[in-house]
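Dear colleague,

I am passing on a structure that you have not worked with before. Please open it alongside this message, and then read the notes that follow.

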Amino acid sequence: MLGLPVTDLIPLARRLLDERIDDAAEVAVTLVEEAEEGYRTTTDIRYLDLGVLASLALLRLGGESPEYLDPYGFFLHSRYTRLSHDSDLAEARKTLQASRDGTPLGHHRLPNRLSVLGLCELEYYKRYGRHDDLERAIAHFEEALEAPRSPGADHASYRNNLGLALRHRFLLHGRRPDIDQSIASLTKSVALSAPEDFFLASRHDNLAASYCQRYEFFGNRADLDAAIDAGTRAEALAGVRGGSFSVFNNLAKSYSLMYEATRTLSHIDQAMEYYRAALDLAAEGSADRAMALQNIGSKLVVRFRHLRHVEDINQSVAYLEAAVALTDRASSEHAGRLNDLAMALASRHAALESEEDLERAHSLLTAAVGQAHSPTPLKAGWLNNMGSLLMSRPGTMNAALQCFQEAVAMSGESPDQTRYALNVGLALGHRDRPGVTGPDRAEAMRVYTRICLPSPDPSVRMSAAHRLGDLILSEDSSPGRYREAARQYEVGVAASRELASTQRDFGHGIAWVREAQGLAVKCAAAYASLTDADACNRAVEVLEYGRQMLTEEAVASYLAAPRDAGHPEVEFGTDSPSAAQICSGIRHLTIYLLATARGGIALVLRPGQAPRPLPLDGLKESEVRTQLVRHFGDIHRIDHSGTPRLRGLCSWMWKTVMSEITKVTPQGERVVLVPCGLLALLPWHAAESDTGQDGAAAHATFTVAPSARPPATVFSGPTAGGILAVADPRPSSAPALPFALLELEEVLRTYPPPHVRLPGEKASRKAVLEEVTNSGVIHLACHASVYADVPLESPLALAHDEPITVADILGLKLDNHPGVILSACWTALVNPEVADETISHGTAWLSAGARFVIGSLWPVFDRSTALLMACFYQEWLPDAHPAYALKAAQQWLREATNAELAERFPRLASVPEFGSPAARGFWRTATPYSEPYYWAGFVYTGHE
């Protein structure tokens with residue numbers, strides 16, 4: 001070895017090419033060895049330049065024998081993988097093919113030459129996307145493995161290279177055996193590698209990538225865990241040499257998928273950290289740099305969808321534009337990066353409604369599709385994206401349908417084919433809205449029946465059955481149609497059971513949980529519409545299973561926990577109770593409320609009797625949404641600005657539903673309502689006629705429950721333990737709640753000791769969690785929020801901004817079975833987008849063991865809430881049931897004059913200064929809280 005820096009060695013190599021020097025061949029050999037060792041130990045790209053020059057000089061000096069061709073081809077190929085110069089790849093392929101052709105069968109160097117040539121063919125496939133190049137690469141690797149073992153044969157490398165190629169073939173065709181064989185070959189490669197092997201890090205890295213790919217397609221969480229484990233091993237080995245672009249890139253991808261599995265923002269931040277580390281290692285202008293820019297841009301889109309920060313989506317577009325600019329238009333990656341940029345622009349359009357972004361996204365997708373000359377699964381995906389984009393634009397449904405149909409035609413054996421077929425059916429069903437024409441309906445039904453229902457993917461079968469049932473009922477409402485629709489909906493429910501029984505990540509889990517919304521309700525409504533006893537029994541069973549399954553699956557997905565880790569699977573028709581068991585177990589008249597596109601229905605369950613249907617023709621899904629939007633703002637935010645006037649909503653609820661319900665319920669009784677879907681967002685107990693003379697509250701005491709199934713624990717006797725009272729936790733970034741402290745004083749003035757008081761700074765997360773398990777009543781007067789995307793992270797705000805989340809509550813074990821009063825905003829609200837999963841602050845406390853929960857459906861007013869709670873405790877404590885006490889408190893608050901408020905709770909109702917006796921008289925007789933907004937927001941949830 002010469003012991004000189006590479007900057008001095010490169011000019012020496014150039015001299016070998018330009019002039020005659022003594023012992024040129026020996027010098028060339030030495031320089032080749034310097035280049036090999038220098039690049040192996042430093043990965044400095046200049047050693048590749050040295051190797052190309054020195055090996056070319058050796059080739060000219062020694063002739064074109066395989067021994068001289070090999071190093072030249074190796075250095076050219078290695079430099080191509082770093083700088084992506086097409087000339088390097090073409091010259092490397094020609095050189096290595098010549099070496100292979102010059103090597104006789106049985107030669108001990110033949111396996112190595114086959115393997116390096118295979119790598120070159122693989123790079124050609126990655127560059128230009130030609131299937132023949134990939135098949136030649138696989139054939140070369142397999143031939144290298146089948147050759148007789150000889151000294152110098154590196155079977156660890158051959159198996160590694162074969163595993164890489166098989167992964168690419170899996171991505172091309174989507175065949176499960178290819179990815180399974182890829183993982184098997186890469187696992188063997190790692191096992192064959194010595195601990196000191198320079199390439200061991202890259203082999204762990206390749207294994208991680210294949211595990212990651214199999215996880216993406218088939219959703220087995222064990223594969224993702226294996227990917228992170230292999231990637232971490234690769235990082236530890238590569239870190240000695242300053243890191244590796246590929247290792248960082250693949251670890252980033254694994255953590256991105258972990259974010260999809262858990263929806264934990266720290267995972268996406270960790271992924272971004274690795275992607276930025278990969279970018280730092282990528283040479284300027286290289287393919288690696290373009291890839292790193294693309295990856296960062298794509299993850300910024302993901303973070304934008306989580307946090308809705310506009311700067312994230314703007315940065316995403318900028319990174320993806322830079323990636324496109326760096327990518328050669330002739331390369332196979334260019335179209336894919338155009339697609340990613342288009343999807344980022346579409347996301348920005350959805351948030352900011354920029355028509356320019358929408359137009360540009362369409363142009364980019366058109367270019368991406370145009371660049372892919374041959375039909376491939378990737379092109380099919382771009383066509384599907386274009387179809388989805390077109391569906392959001394008016395007058396382009398036919399063009400969208402054509403894109404989906406082409407995507408189906410060219411997706412071949414890809415697992416995505418049936419998903420694209422679902423979009424074909426969707427476009428057919430929407431092409432001629434509001435009425436679907438006979439030919440379109442028939443074609444959509446054919447697509448769902450022949451392509452989607454036979455799919456091995458249960459999520460596709462569920463969606464197809466769901467939509468097929470809808471199409472059947474769109475024709476007419478005869479008993480035969482209801483029976484056939486119910487049968488199809490049951491196919492969807494069965495598919496959802498299959499999904500629930502497999503371990504899925506957040507991305508898979510929440511996607512199908514959202515798709516399953518309304519499925520059990522529609523199935524139950526179709527059965528109930530048949531009116532016979534067996535059908536009504538089946539309706540109850542489907543409803544109960546569907547609600548329980550969706551809730552448990554959503555919890556398991558949000559917690560990223562296997563089904564056997566605290567979320568036991570429920571077998572449909574086995575552990576799920578029968579209708580007879582449910583009806584015999586209830587203690588109060590219980591009524592399901594269902595809304596469908598064609599009208600609603602109530603299922604009335606009396607203790608010990610068979611369920612009976614009650615038609616509610618005006619209770620249509622569209623009208624429910626209209627009422628919610630009209631009275632609560634955007635249905636996805638349920639955003640209350642100002643003081644909503646809800647009398648119109650209360651009147652609509654009375655006319656549409658509760659006037660009929662009161663006809664079948666005894667006067668003065670307790671009635672448990674189980675409102676399904678979006679109906680759970682409404683205050684049914686506040687329904688009343690326009691005149692106020694008739695109303696639900698005047699007829700009976702209406703409470704709600706997430707299910708008709710009574711709790712496993714039968715509560716009797718008083719609650720053990722004292723009261724835990726939390727009020728206005730401080731310090732906090734949330735606004736102060738001055739009336740919460742006064743509320744606490746009024747509550748404790750009424751409730752007998754023992755008391756645990758945690759006002760202000762005392763209301764820490766640690767203190768509250770320590771006390772809740774010992775308390776008989778838990779009263780929390782604080783701020784609360786609901787996070788639609790991640791409901792288990794929805795917080796009850798405590799001191800120092802350290803909240804208790806819904807996930808924390810689900811982890812509690814409340815053996816005292818306390819009553820829980822949540823004097824805070826949103827605490828009875830389920831996620832409007834996936835209302836059937838019934839996850840809320842209130843249902844979490846019930847699941848933890850609470851006997852009842854009182855919570856709110858909307859943001860509540862501080863003073864009126866304090867008055868309501870003070871009155872509630874006074875009504876409850878003598879001997880009243882808490883449901884009746886809440887009803888009495890609400891009735892008092894809505895009717896109380898200012899004078900009555902001040903007389904009963906002088907500390908809560910301040911008396912202003914008056915300029916005249918008339919003004920004072922007017923104030924005394926006014927009823928400030930008569931609007932339903934002030935008193936109707938709190939609901940009693942539970943079966944007690």
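Which helices and strands each supply at least two residues of the lining of the largest cavity? They are β4 (670-675), β5 (701-704), α34 (841-848), β12 (852-856), α36 (882-895) and β13 (938-941), where helices (H or I, at least four residues) and strands (E, at least two) are DSSP runs numbered from the N terminus.

This is a predicted model, in which local features need pLDDT of at least 70 and side-chain atom pairs count only at pLDDT 80 or more, while totals for chains, interfaces and linings use all residues. Residues are numbered from 1 along each chain as its sequence is written, and side-chain values use heavy atoms, with hydrogens and water left out.

A cavity here is a set of points on a 1 Å grid over the protein atoms alone where a 1.4 Å probe fits but cannot get out, and its lining residues have an atom within 4 Å of a point. Volume is the space filled by probe spheres set on the points, which are joined across faces, edges and corners.

The structure holds 5 cavities of 30 Å³ or more, and the largest cavity contains about 450 Å³ of space. It is lined by 39 residues, of which T703, V704, V939, Y940 and T941 are the closest to its centre. Among the elements, α36 gives the most to this lining, with 6 residues.

Elsewhere, R100 is found in helix α5 (residues 86-101), and it touches L110, L114, L117 and E143, not counting residues up to four places away in sequence (contact means heavy atoms within 4.5 Å).

With regards

Key
1 Å grid on protein atoms, 1.4 Å probe; cavity = no way out; pocket = protein on both sides within 12 Å on 5 of 7 lines; lining within 4 Å.
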